[in-house]
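Here's a quick walk through one model, from charged pairs to the packing inside. Have the viewer open as you read.

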Amino acid sequence: MSAKSDIHSRLEGGLADPFLCPDEAVRRLDSWRVSGIGAAVAPPGLWAAIQYAPPKPRRIGAVAFPSGGQTITSKRVEVLECVRLGLCAAEIVLNHGYIAGNQWGDVEKEMEALLRTAPELEIRFTIEWGRVESDTKKRFIRLLRDFPPKALRVATGVYGTPLGSREVSALRAMLPKGVGLKAVASRGGASAAEYLDAGADLAESETPLAERSETVAVNE
């Protein structure tokens, strides 16, 4: 993913609010499609409920969201549901307990299994980067070299403190070649526009149209 690609296509809309009704989800998707927002992220159940057909924005499944505590089998079933629903990608929350507890054999087993489940699907991993200890971060980065996803999403937007722009910029320099970086704008943190300006390849927001206007201001 190139930082020089179209700014609007690098913005993604978040539809993970559990109280979001299908009709409102469709209204937002139609608005984002017209405005050129690149993708939208929602649980497989919501995609199944709305059966949204237009090819844009790209449809991404939020798997094991937000806790990541499901079994590998449960996560693999959700990934396969993403395939069945015709989604282009799956963002899978890894088991935070394994990572925090330095259970690297379990983390490796999970990453390998999820990458192999549906090779035709773009796989992204999600972790709460702001809650990971420094030494643990270094070990996890090494694992990404052996089990590289298409991108690393560095927050669910539910737990932990939002990352600052400097943290995103530093992480971008650490990631293995070919692994993209996605940041999530949430209350109290940097905006999606600021994350993109800091070097993130992608940025998600529940209000990407507002972020779209800000990216124009930031980059003028």
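Predicted model: local features only at pLDDT ≥ 70, side-chain atom pairs only at ≥ 80, totals over all residues.

## A pair within one helix

Arg27 and Glu24 form a salt bridge, with their closest N and O atoms 2.8 Å apart. A salt bridge here is a side-chain nitrogen of Lys or Arg within 4 Å of a carboxyl oxygen of Asp or Glu. Both residues sit in helix α1 (residues 22–35), 3 residues apart, so about one helical turn separates them.

Residues are numbered from 1 along each chain as its sequence is written, and side-chain values use heavy atoms, with hydrogens and water left out.

## Buried charges

A search of the whole structure turns up 15 salt bridges. One of them joins the side chains of Glu12 and Arg124, at 3.0 Å from N to O. Glu12 belongs to strand β1 (residues 11–14) and Arg124 to strand β5, so this pair ties together parts 112 residues apart in sequence. Glu12 is buried, with a relative accessible area of 2%, and Arg124 is buried at 1%. Helices (H or I, at least four residues) and strands (E, at least two) are DSSP runs, numbered from the N terminus.

Lys182 and Glu91 also pair up, their closest N and O atoms being 2.8 Å apart. Lys182 is in strand β7 (residues 180–184) and Glu91 in strand β4, so the bridge ties together parts 91 residues apart in sequence. Both partners are buried. Zoom out and there's a network of salt bridges, whose members include Glu12, Arg124, Glu91, Lys182 and Arg58.

Helix α3 (residues 72–84) has 13 residues and spans 18 Å from first C-alpha to last, close to the 18 Å expected at 1.5 Å a residue. That expected span is 1.5 Å times one less than the number of residues. Lys75, Val79 and Cys82 are its buried residues to look at. They cover an arc of only 50° around the axis, which puts them on the same side of α3; the arc is taken from the directions from the helix axis to the C-beta atoms. On the other side, Thr73 and Arg84 are exposed.

What covers the buried residues of α3? The cover includes α2 (44–50), β3 (58–63) and α5 (104–117). Just after α3, Gly86 takes a positive phi of about 80°.

## Cysteines

The whole structure has 0 disulfides (pairs of cysteine sulfur atoms within 2.5 Å). For Cys82, the closest cysteine sulfur is in Cys88, 9.5 Å away and too far for a bond. Cys82 is buried at 0% relative accessibility, whereas Cys21 is partly exposed at 40%.

## The nonpolar core

The largest nonpolar core has 57 residues, and Leu15, Trp47, Met111, Phe140 and Leu152 touch the most other members. Such a core is a set of buried Ala, Val, Leu, Ile, Met, Phe, Trp, Tyr and Cys residues joined through side-chain atoms within 4.5 Å. Leaving aside neighbours within four places in sequence, Trp47 is in contact (heavy atoms within 4.5 Å) with residues including Leu15, Leu29, Tyr52, Arg59 and Leu87. A second, separate core of 5 residues includes Ala39, Val41, Ile60 and Ala89.

Key
Buried < 20%, exposed > 50% of the residue type's maximum accessible area, 1.4 Å probe, protein only.
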